[in-house]
Amino acid sequence: MAEKLLEINHAQIYYATLAGYVKAVDNVNFDINEGEIVGLAGESGCGKSTLIKSIYGFIKYPMKAISGEINLLTNGNKLNMLFVEKEELRKVRWKYISYVPQASLHVLNPVTRIKKQFLESVKREHNVKEKEAMDEVKEYLKSLGLPPDVLDSFPHQLSGGMQQRVIIAMATFLKPRIVLADEPTTALDVVVQRGILQMLRDIQKELKNSLIIVSHDMGVHYQITHKIVIMYAGKIAEIGPTDEIFNNPYHPYTRLLINSLPRIGDREQRSGIEGSPPNLLNPPEGCRFNPRCPSKMKICEEKIPEMVEISKGHFVACHLFQKNGKRVKEDAE
Ligand SMILES: Nc1ncnc2c1ncn2[C@@H]1O[C@H](COP(=O)(O)OP(=O)(O)O)[C@@H](O)[C@H]1O
Ligand SMILES: [Mg+2]
């Protein structure tokens with residue numbers, strides 16, 4: 001059995017606004033094991049970035065951890081990243097868990113050469129001499145197939161794809177057990193995307209660590225993940241092994257997400273799912289997907305569906321399914 005690296009129990013993370021709380025992550029539960037590539041999927045505004053930031057302990061006003069646990073399990077210790085001291089965070093970041101933020105191209109400082117930025121990020125947590133660190137960095141970049149002259153460049157001299165590779169190299173240099181990557185390929189063209197995904201996959205294969213990759217693009221999840229967590233409006237709709245999610249999706253939302261993917265031979269661009277995710281200040285009662293759901297029943301407006309396991313490792317939170325895995329009605333196809 002692979003070791004469990006992260007457990008998320010009833011995590012609630014809201015944003016405090018003048019109008020009330022935005023319930024961005026609301027009672028989320030799942031675990032991550034060593035060696036897994038986990039995809040976090042769902043349309044924009046469903047809480048993916050909020051959850052990823054919280055896993056990294058990056059919780060800043062107006063974001064607020066309300067309750068629950070996001071436990072990082074390190075050598076027999078448990079660290080709840082939702083309520084953690086700065087000093088504790090410093091110890092685990094980079095070495096144990098690292099984070100490639102969304103829109104990370106703004107992460108690099110435009111007036112500093114890559115070399116200096118790399119060294120700063122490494123030395124901050126790692127007590128090494130500059131010369132030795134530099135040699136290691138060069139070796140590492142070489143092993144990832146990056147040209148050595150990137151180190152002497154300023155960010156603007158590099159393409160978007162190359163900047164993203166540098167950021168990923170920085171995030172993985174100290175061999176963290178968990179790497180979080182938020183939309184790492186969004187805004188890059190398809191060929192570059194493929195290269196970045198390959199790089200993430202190669203690093204994961206080498207380190208045998210866990211990678212959590214966030215994307216609104218199911219195509220990205222299809223290419224790289226072992227397991228997919230589908231989020232809708234701050235809650236988990238479905239979790240399952242990637243081939244199961246694509247071949248045997250249960251939740252109507254998952255089905256729509258998959259059907260909105262372009263297929264080979266498509267002449268027109270497929271439109272997304274009709275409508276948009278709700279405002280999380282006042283999410284719909286019952287199942288939050290009910291206003292957009294093609295299979296809506298009366299109960300869906302009244303009761304929040306519980307997560308049930310239908311086959312091994314495949315969970316769904318939908319009133320169409322009962323605890324025994326039987327479908328309640330058949331017209332959901
Ligand atoms: N600073 C903020 N203040 C209030 N609401 C926010 C803030 N940041 C994000 N949100 C809201 O939280 C919800 C989840 O956002 P986010 O986690 O960025 O979603 P995703 O990454 O899936 O697109 C959205 O409804 C968004 O409008
Ligand atoms: Mg996001």
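Begin by selecting ligand 1, around which 14 residues are found, Y15, A24, K48, S49 and T50 being the closest; a residue counts as near a molecule if its C-beta atom, placed from the backbone, lies within 6 Å of it. This is a predicted model, in which local features need pLDDT of at least 70 and side-chain atom pairs count only at pLDDT 80 or more, while totals for chains, interfaces and linings use all residues. Residues are numbered from 1 along each chain as its sequence is written, and chains are lettered from A and ligands numbered from 1 in the order in which they are written.

Next, colour the shell by element. Strand 1 (4-17), strand 2 (20-33) and helix 1 (48-55) each give two or more residues to the shell around ligand 1, and helix 1 supplies the largest share, three residues. Helices (H or I, at least four residues) and strands (E, at least two) are DSSP runs, numbered from the N terminus.

Four strands make up an open sheet in the order 2-1-4-5, with antiparallel pairing; two strands pair if DSSP finds at least two bridges between them. Strand 2 and strand 5 (77-80) are the edge strands, each pairing on one side only.

Zoom in on strand 1 and strand 2, which pair in the antiparallel sense over 10 bridges. Select A11, whose bridge partner in strand 2 is V28.

Finally, select helix 1, which lies across strand 1, strand 2 and strand 4 (63-74); contact requires C-beta atoms, placed from the backbone, within 7 Å. Helix 1 runs at about 60° to strand 2, with axes fitted to C-alpha atoms, for helices over the stretch in contact, and angles from 0 to 180 degrees between N-to-C directions.

Technical notes:
Two residues are in contact if their C-beta atoms, placed from the backbone, lie within 7 Å.
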